[in-house]
Each structure stands twice: as structure tokens, then as C-alpha cells.
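Keep the sequence and the 3D view side by side.

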Amino acid sequence: RAFADERVTWLEGRCLSYGGPATWPFMEILLGWLGADVGEPPIALRTKARARLGPLLGSALEEVLPALGRLLRLGLESDRPAGDVTDAYLRWLQALALRRPLVVVLDDAHWADSATRELAERVLGSTDRLPLALVVAQESVPSSEGARLRMRALGDFGHRTTELVLGPLSDEDAERLLAGSFPADVQVDERTRSGLVREAEGNPLYLEELARAVLDGALER
């Protein structure tokens, strides 16, 4: 994301380990783009939706807005019936992609539900005709919806699908990551550093969390 800078529109959603609403990561993506939070008062969300979607969609706003409102579990007043949610979502993404290249990130896809996987497959199909990249991050769980999405990408879009398999960090790389996780004025003894590297077992996110716990004084030996 840091490399993308302002050259692309970056949208990111995370699948939840405990389930949550169907297609949650795509709801999270839309909410983030609207500058809205979960549980925000409906009137505030409606105002933000019209303010942001109006300039983007123009005359198509009243066609797309009711369906997007349904995705957000929000009643949005309109003279037209709500259409298909997936079609409306893809029209929104298309409008964004026509402004500048678009990156849609689906994180922790091994926890995706079937509705999320189906919508992700539709987004994947849009990459044929739009400057749009779908980035999927997941653990290898063969029976998951994320695994089905991976097979669809490799099977139908293999000519332009790139797969990066990430293994655990080496102890040397973990040491370098750990060194950058502490401020310059914080001294951590070698025994503690070695213990953190050993405990993290090459998982960079866990290592960063352990370093943060050290800084907060919350880590139990």
C-alpha cells in the first residue's frame, strides 16, 4: 500500500474469524470509502452515501444507491426499487476504476463466507475489462471458501494471476524486523530479543505484537 501512494485507489476489507454479516469485508470496504463507521446513525450514513456517491455516479445514483443501502443494512429512500446488490457494487467499483487504477484487497480470505467468495469472483471477472487488481491474502486451508476462490483465479485467470507463497521469517530477518519495532531510545536485552524471536516462530505480525507488548509492559515471561 505504501508503494501505491496516490497513484491508485486502495480498498481493503478483512474477513472475520467469528463470522459476522455475509459479505462483511465488502461492506467494510464500502464503509471505509464513505468515511463511515459501523453502528453510525442511519441519517449520518445516508448523508455520507449521497455526498460521496453522487459526484461519482451522477445520473446513475438513484439506480445504484438502494442496492448499496441494502448491502449496508440501511434503508435509503429512493423512487426506484432496489436492484441486485452485486451488480450495484460492481458498478460502483467500475466508476472508481475509470477514475484511476483500483486495488481491492481481501484479507484473511480463509475465513470468507460463501457470499463473500461469490462476490469476490465477480470482482475477479471485472479485471478482464477494468484497471482493477484483486489481491487476496489467506492461510492455506484446503476446505475454505478462500481456497475455492484461489482455484477459480488459477483456473480461469491463470494467465495473469500471480501467487506468492510466504514462509516463516528466518531468525535473521526476524531480528531485523524486531530491531525496527523498538524506538531508538529503548534498549532491549539480548535474552529478551531471542525469546521474542523464538516465541513468534517466524510470524511477523505476532512478532510485532510481542514487541508492542514489551513496550507497553504487558508481556508475561
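Start with a cluster of rings: F26, W33, Y89 and W92 are linked by ring pairs. The model is a predicted one. Its count of aromatic pairs comes to three.

Take F26 and Y89 first. Their ring centres lie 5.6 Å apart, the planes stand at 85°, and the pair is edge-to-face. F26 sits in helix α1 and Y89 in helix α4, so this pair ties together parts 63 residues apart in sequence. F26 counts as buried, at 0% relative accessibility. Y89 is buried too, at 1%.

Now turn to W33 and W92. Here the centres are 5.4 Å apart and the planes meet at 65°, so this pair is edge-to-face. W33 belongs to helix α1 and W92 to helix α4, so the pair joins parts 59 residues apart in sequence. W33 has a relative accessible area of 9%; the cut-off for buried is under 20%, so W33 qualifies. W92 is buried at 0%.

W92 leads on to the core. The largest nonpolar core holds 49 residues, and L53, W92 and L93 have the most contacts inside it. Elements giving two or more residues to this core include α1 (24–34), α3 (61–71), β2 (102–107) and α6 (145–156). Helix α4 supplies the largest share, nine residues.

What does L53 touch beyond its sequence neighbours? Leaving out residues up to four places away, L53 touches W33, L34, G58, L61, L65, L68 and W92. A second, separate core has 10 residues, among them A174, L178, F182 and A200.

Next comes a helix pair. Two packed helices are described by an angle and a distance between their axes. Helix α2 (residues 42–57) packs against helix α4 (residues 85–99) at about 65°, with the axes 10 Å apart. Their crossing is left-handed. From α2, the contact uses L53, P55, L56 and L57; from α4, it uses R91, W92, A95, L96 and R99. By class, this contact has seven nonpolar residues, two charged and no polar ones.

Finish at strand β1 (residues 9–14), where T9 lies. Is T9 buried or exposed? T9 counts as buried because its relative accessibility is 12%, and the cut-off is under 20%. Beyond its neighbours within four places in sequence, T9 is in contact with R100, P101, L102 and V103.

Conventions. Residues are numbered from 1 along each chain as its sequence is written. This is a predicted model: local features need pLDDT of at least 70, side-chain atom pairs count only at pLDDT 80 or more; totals for chains, interfaces and linings use all residues. Side-chain values use heavy atoms; hydrogens and water are left out. Axes are lines fitted to C-alpha atoms, for helices over the stretch in contact, and angles run from 0 to 180 degrees between N-to-C directions. Helices (H or I, at least four residues) and strands (E, at least two) are DSSP runs, numbered from the N terminus. A crossing is left-handed if the near helix is turned anticlockwise from the far one by less than a right angle, and right-handed if clockwise. Contact means heavy atoms within 4.5 Å. Ala, Val, Leu, Ile, Met, Phe, Trp, Tyr, Cys and Pro count as nonpolar, Asp, Glu, Lys and Arg as charged, and the others, Gly among them, as polar. A nonpolar core is a set of buried Ala, Val, Leu, Ile, Met, Phe, Trp, Tyr and Cys residues joined through side-chain atoms within 4.5 Å. Buried means under 20% relative accessible area, exposed over 50%, partly exposed in between (1.4 Å probe, protein chains only). Rings of Phe, Tyr and Trp (its six-membered ring) pair if their centres lie within 6.5 Å; planes under 30 degrees apart count as stacked, over 60 as edge-to-face and the rest as tilted.
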